[in-house]
Amino acid sequence: MNEAINHTVIGVNHAGKVFCDYAAGMLLQSALLVLVLLLADLLLRRWVRAVFRYCLWLLIVVKLVLPPTLALPTGIGYWLGDRWPAALPSTDRRAPLTALETAGPPASGRSSLSGDTLQNPPATRPSAPAAPPMPPAVAIIPVTRPGILFLFWLVGVLVFAALLLQRLRFVRGLIAFSLPADERFQHMVAECAKQVGIRREIELRVSGTMSSPALCGLVRPVILVPARILETLSPAGLKAILVHELAHLKRGDVWVNSVQTVLQVLHFYSPFVWLANAMIRRTRKEAVDETVLVALGGQAENYSNTLIDIGELALWKADLGLRLIGVAESERLLKGRIKHMLTRPVPTSARIGMFGLTILIITAALLLPMARAEKASVTAQPTGAETPPKAPVAENSNVFVDPNTGITFRKAGALSGPSDIIESTDNLGISPNGRFLLWGVKVVPLDGSQPFTLMEDPKPRAVRGVWSLDGTKVLLAAAALWVVPVNPETGRSTRPAERVYEGNDWIRGTAHWSDDSERITFMRFNSVGVSSWALSLRDKSLVMLPDPRSDVGKRAPDGKRVALPRQGDLWVESTPGTEAKMVADAGTPIQWSADSEWLLYTDGHGSPTGYVQEPRFFRFTDGRQQKLRLPAVGTVVGTSADGKKLFYYCASYDRGPAVQVAAVSGGPTCLLGGQLPKLMPADQFWSPDSASIVVPNDYRGEDAGLVVLPLSGAAPVVFRIDVSVPGKISYWQLSPQRDDMLFCVSSDDKTFDIWGAPVSWKQTQTTGRATLIFRNWSRISWGGSCTPGAWSPDGQKIAILQNGELWLTTPRGDEPTQLKVPAVRGRRVLWSPDSSRIAFYTSGSVTAPQEVLQVVSASGGEVKTVAELTAGSFLGIAAWSPDSKAMTIAKPDGQILSVSIANGQGRPLVNMKDLGMKSAAALQWSPDGKALAFKAGNQLFLFHTQDSSVTKVADEGSYYFWSPDSQWISYLGTRCVKTRPAGILWEMDIEEAWAKLAK
């Protein structure tokens, strides 16, 4: 039942996203157009005829039919770029924090969860005994905000459509209960039609219920006239009324009114569409009046009096819209029309004219295409030699042939619509029978049926799924290992998932199935090192393998060679005493050719679709490498069960790093800067006024630099580093006051010189000459971003780590001084907020390899130990308290403590186990000291000192940074954007590839 609900919700959410993307752009663009036309109407009302103003207002009808993404060189949006909005600002809509999974009923001491807030108990109490594990239920997917808006729009359309149908039935009833007019009136209609220029016969009918004459009917138009008007009006007045209705028919106003009505139903939520329709009706009446005056000529003197007579006879009932085309619709509009006729000279022509048509076409060409120009986007690709060659895309064909080898790729399937959910090629595999793609815990059938999940996503770590060779089981690997029995024909689970392994260590790489699908081999990483293990599903026994590479090695058919990883590279080793050859700096072996000469392997690298594995060939005899020109950027997802086909999937989404910002007060996160090419937001620096962020980026293909991303949504601005230094600049660090910066200048492959220069945030550039700060700095290559030094909070000193030594210098380039401290471990130190002390990590003894957190005065002196952490702990788990008197520490057992520097006493703040989580990392206090940010897995949380509550800020992200006003947190996230109509699965015949390579 839940799966059926989820299928429906997925469809609603997808439709909501499509609707919101369209509606946001159309709402804003149509509003701008209406405002421009309204201003033009006010300025031109006294100087131009109504027929031109009417045609001008019809541009809004054309705009509502055209897509909001229309961008032409004639349009203003093409040249104004980011200053001409194409859509409402988009934000990432995060699902609310769901209830934490527990093994049994919660104990009285466990934390309660409400919305996005986790209330931390004042003290930890023993938990209740765990209940037997229940089979995992399929969680119901929540309807997203775009999905809710789509449902609201759908209900509104149905309501207004019902009103429209009721109105149509009312009109049909008017015609059905009306009577044909006398012959003399029919003869008068024929004369008036000839005068207007209509050759077809028009029927005149008399109604006893109508209050005003009207024209109705699209295919067979009929003029309905109230009986009182036939009895009251003079022949000249009646003729004027008939000419008026026939003028509507001549001009096609009935059809235009019908289009207006449909568009008003579809865009009922837009007040600007209602305003535009009112203006179209008003100018249409005035334009028809001009047509009547031209048609009547000398007999037009009493036309305004005729309108007054009809107004006195009409009932003037208010109408909510969806009107008929008639003489009068309201008393206010009628008075305006009469005033317009009396204050303007009698027109000599009712045509718009060639000059007016030319002006109208130019106006339409300028205003209708409002989308931004592609050339104005900040995401322009690198130019010149940096532009990577693009492989030919063959998505519109079922066959693609590599021009270098003749190897053929054939389209095996396509995913579109609700099936197209694979946003990245990370953690993607295929079933042995080639019927299903496995993306994490989601199974995507290739026959177009709805995707489904095998179990609840065991976040926070990404899940890698692997089908057993017989197709009856799926292994899900993350922080633990699960086995899910499945039906090979349907792909659905036959029993609940079973957790077969869970440890405190990391599970590295991909786990592998044995040939009989009864054993799993995987690699573990802990403080001891890397080891390879085999887990039997029959008796759950776990055995350590002597060779940690044995589970991923591929032996050639002749038994003389084996392809396996060695020290991070892919090598082919032969019999003892023969030469080993390196295949690639990273790769996974797939299969050998029958003659043991060629090796098929995958070479991994990052791409816009995620981390991809592309097929490569290697010949051992001469070391020849053969790359393929692939149909599109994608990844190898596996081979068929018989090993004869290789499957290659190209996703329809592109993914890239992005700067995301979350409000401390809650709500959805927002994306800054879109997807900038080569964005490196692991280092982010807020402006002093918390209004923008500067991020390292390769901007428009130039040398690596900085780019400023305003929170207002304005276009990014390049932060220029205009200094003269002897080498290439890399690795930046801005001072806390944002008036100085450090950067590295490469001197060789291993060392850098650290330079400094004054900067101006307002001018977004350096403002003075560079100063040499530190010579021959050796950076630490691991651990994410690498910064040249740590600024003291007051901006007066810089701490630099060099081969475990701690040096202090100033931005003025004074001689560095070394602090006498034990060998520092890691790549950074922590300044206290008052700039008086420095905290750092050191290693314990050989027999007790724990990490030790120590503190020393910035002026030197005694080193004091704050805490000792157990082996296997990682850096980045401590932070200074806002008052510089204590340090906040996240212990491996899940406790977050505030430890006094003076006496070493610890005060508990958060117990992660009470929140259903193992441990925390990356602690950072807000500048105002009211909140502590920390990570649990990939999720970002806040601990609030005021009420000891915990709230979730983001579902995923890393490298987060506080704004100076403590109102925002920026972090490194990812952004997936659909850029192609469908995801495509290609297949390659491996035996055909061997034969063509042999030639």
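Q: Why is Phe452 called buried?
A: In this predicted model, Phe452 has a relative accessibility of 6%, and buried means under 20% relative accessible area, with exposed being over 50% and partly exposed in between (1.4 Å probe, protein chains only), so Phe452 counts as buried. Phe452 is found in strand β14, residues 452–453, where a strand is a DSSP run of E of at least two residues, and a helix one of H or I of at least four, both numbered from the N terminus.

Q: What makes Asn277 a buried residue, and in which helix is Asn277 found?
A: The relative accessible area of Asn277 is 5%, which is under 20%, the limit for buried, and therefore Asn277 is classed as buried. Asn277 is found in helix α10, which covers residues 271–296.

Q: Which residues does Asn277 touch, not counting those up to four places away in sequence?
A: With contact taken as heavy atoms within 4.5 Å, Asn277 touches Gln260 and Gln264. The C-alpha atoms of Asn277 and Gln264 are separated by 7.9 Å, and the two residues are 13 residues apart along the chain.

Q: What makes a set of residues a nonpolar core?
A: The set must consist of buried Ala, Val, Leu, Ile, Met, Phe, Trp, Tyr and Cys residues joined through side-chain atoms within 4.5 Å. The largest such core here has 32 residues, and Val866 and Met887 are among those with the most contacts inside it. Another core, of 29 residues including Phe185 and Leu238, lies apart from it.

Q: How are residues numbered, and which pLDDT limits apply?
A: Residues are numbered from 1 along each chain as its sequence is written. Local features need pLDDT of at least 70 and side-chain atom pairs count only at pLDDT 80 or more, while totals for chains, interfaces and linings use all residues, and side-chain values use heavy atoms, leaving out hydrogens and water.
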